[in-house]
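Please open the structure in a viewer and keep the selection tool at hand.

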Amino acid sequence: MTPSAKDQLVRDLLVLENSITNPKDDREICYTFHIAISKLLSNDGITTILNPSPDTSNFDFMCTKQNSRERICISLQNTNKNVIEERVHERVSFAFNYPYDRLILFGPKGFTTECYRFVNVTNPLKVELLTLDDLKSWTSRIEVESDQACLEYEDIIKIVSKTFIEKIANDTNFLLKLEWRELEKIIAEIFEGLAFDVKLTAPSKDGGKDLILEINKKGDTKRYLVEVKHWKSKKQVGQKYVKEFVNVICNEKSDSGLLLSTYGFTPNAFEGLTELERKSVRFGNEEKIVSLCKTYLKVKSGIWTPLDDLQEIFLEQTK
């Protein structure tokens with residue numbers, strides 16, 4: 001997908017979000033959702049066919065994939081509250097008997113806990129429950145075809161990152177849905193919003209740091225390095241990774257460094273560090289990430305400016 005196409009998809013999701021929040025008629029959400037989901041699926045070679053049901057609370061889309069026998073049904077549950085388990089049962093039964101191989105249910109307001117429990121044991125039909133946040137996350141993971149219109153692409157990432165920051169600040173469990181590269185981009189957006197000059201390093205061969213931060217205060221430029229560990233295995237960061245990051249800080253002669261680990265650190269992670277090394281590197285877990293998200297939102301809302309407190313923001317809630 002080109003950067004301009006991805007930019008338009010982000011705009012489509014914003015239109016969809018607005019139609020969910022302030023619907024003008026029963027079919028508005030159906031129309032805007034079909035535009036967005038069609039573009040997402042077309043990126044995977046899937047074509048959607050609009051096939052609305054007479055029942056305005058439910059719309060189904062038939063999908064076909066080139067050179068594949070997979071049959072896909074997408075069902076929009078147009079309700080102003082969480083979709084309940086009975087609605088999911090009904091659409092699963094329909095899809096299974098049609099028959100479809102895959103069912104995607106979109107709930108503008110989300111799903112009850114019982115719905116997620118039910119789909120986890122549904123066989124042989126593959127069932128997915130999607131919310132607006134899931135569509136945004138899906139969009140953020142789409143790779144662009146080239147580096148053209150780079151600034152436009154960066155604007156898209158900022159929009160998506162800000163949405164994710166808001167979700168993390170309100171629900172720490174949202175971190176579980178993110179990929180490691182997404183979290184790195186979110187942390188980059190946070191520090192940029194806090195008046196740092198930020199460079200996000202390449203996904204590979206990053207030299208042991210994910211972000212390079214610089215801030216000029218009264219003519220004195222400070223340089224900080226940030227490394228983010230967000231492993232799907234939920235593994236804690238151990239002594240080996242701590243020591244490696246400390247060495248990076250020392251070798252690059254940075255003023256300080258911050259190692260963020262979503263799932264924390266092992267009990268022996270800091271053993272062997274000298275007093276000087278402990279002063280040069282700070283360590284933060286999930287609480288630090290959430291704190292950064294909340295601080296970013298305060299700044300963006302105009303509640304306060306951090307310009308005199310950047311050192312404190314960098315170090316607070318760290319070890």
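Over the face of which ring does Arg278 lie? Select Arg278 together with Phe270: Arg278 lies over the face of Phe270, at 5.1 Å from the ring centre. The model on display is a predicted one.

Next, select Lys240 and Tyr241. Lys240 lies over the face of Tyr241, and the distance to the ring centre is 4.6 Å.

**The whole chain**

The chain contains eleven helices and ten strands. Of its 319 residues, 48% are buried. Its accessible surface comes to about 16500 Å², and carbon and sulfur atoms account for 49% of that area. Consider also the contacts between residues at least 6 apart in sequence: 64% of them join residues at least 24 apart.

**Aromatic pairs**

Colour the rings of the aromatic residues. A pair of aromatic rings is described by the distance of the centres and the angle of the planes. With centres within 6.5 Å as the limit for a pair, the count comes to 13 aromatic pairs.

Select Phe94 and Tyr100 as one of these pairs. Is Tyr100 buried or exposed? Tyr100 counts as buried, because its relative accessibility is 9%. Phe94, at 32% relative accessibility, counts as partly exposed.

Move on to Phe111 and Tyr116. Here the ring centres are 6.1 Å apart and the planes stand at 75°, so the pair is edge-to-face. Phe111 is buried, with 7% relative accessibility, while Tyr116 is partly exposed, with 34%.

Then select Phe33, Phe61 and Phe106 together. Ring pairs link these three residues into a cluster.

**Helix 2**

Phe33 also belongs to the next stop, for it is among the buried residues of helix 2. Select residues 28–42, which form this helix of 15 residues. From the first C-alpha to the last, helix 2 reaches 21 Å, close to the 21 Å expected at 1.5 Å a residue. How many of the 15 residues of helix 2 are buried? Eleven of them are, and helix 2 is thus mostly covered. The buried residues include Glu28, Ile29, Cys30, His34, Ile37 and Leu41. An α-helix has 3.6 residues a turn, so residues three or four places apart point the same way.

**Cysteines**

Display the cysteine sulfur atoms. A disulfide is a covalent bond between the sulfur atoms of two cysteines. With sulfur atoms within 2.5 Å as the criterion, the count comes to zero disulfides. Select Cys63 and Cys73: the sulfur of Cys73 is the nearest cysteine sulfur to Cys63, at 7.5 Å, and Cys63 is in no disulfide. Cys63 is buried, with a relative accessible area of 3%. Cys115 is buried as well, with a relative accessible area of 0%.

**Backbone details in the loops**

The following stops concern the backbone. Most residues other than glycine have a negative phi, and most peptide bonds are trans.

Select Tyr98 and Pro99. The peptide bond from Tyr98 to Pro99 is cis, with omega near 5°. Pro99 is placed in the loop between helix 3 (85–97) and strand 4 (102–106).

Proceed to Lys234, in the loop between strand 8 (220–229) and helix 8 (239–251). Phi of Lys234 is positive, near 65°, in a residue other than glycine.

Follow the chain through helix 8 to Lys253, which is found in the loop between helix 8 and strand 9 (256–261). Lys253 is not a glycine, yet it has a positive phi of about 55°. Lys253 counts as exposed, because its relative accessibility is 73%.

**Tyr296 and its surroundings**

For the last stop, select Tyr296 in helix 10 (residues 286–300). Tyr296 is buried, with a relative accessible area of 1%. Which residues does Tyr296 touch, not counting residues up to four places away in sequence? They are Lys162, Ile165, Glu189, Ile190, Gly193 and Leu194.

Key. Residues are numbered from 1 along each chain as its sequence is written. This is a predicted model: local features need pLDDT of at least 70, side-chain atom pairs count only at pLDDT 80 or more; totals for chains, interfaces and linings use all residues. Side-chain values use heavy atoms; hydrogens and water are left out. Rings of Phe, Tyr and Trp (its six-membered ring) pair if their centres lie within 6.5 Å; planes under 30 degrees apart count as stacked, over 60 as edge-to-face and the rest as tilted. Buried means under 20% relative accessible area, exposed over 50%, partly exposed in between (1.4 Å probe, protein chains only). A charge sits over a ring if NZ of Lys or CZ of Arg is within 6 Å of the ring centre and within 35 degrees of the ring normal. Helices (H or I, at least four residues) and strands (E, at least two) are DSSP runs, numbered from the N terminus. Contact means heavy atoms within 4.5 Å. Accessible areas come from the Shrake-Rupley method with a 1.4 Å probe; for residues, only the protein chains shown count as cover. The expected span of a helix is 1.5 Å times one less than its number of residues.
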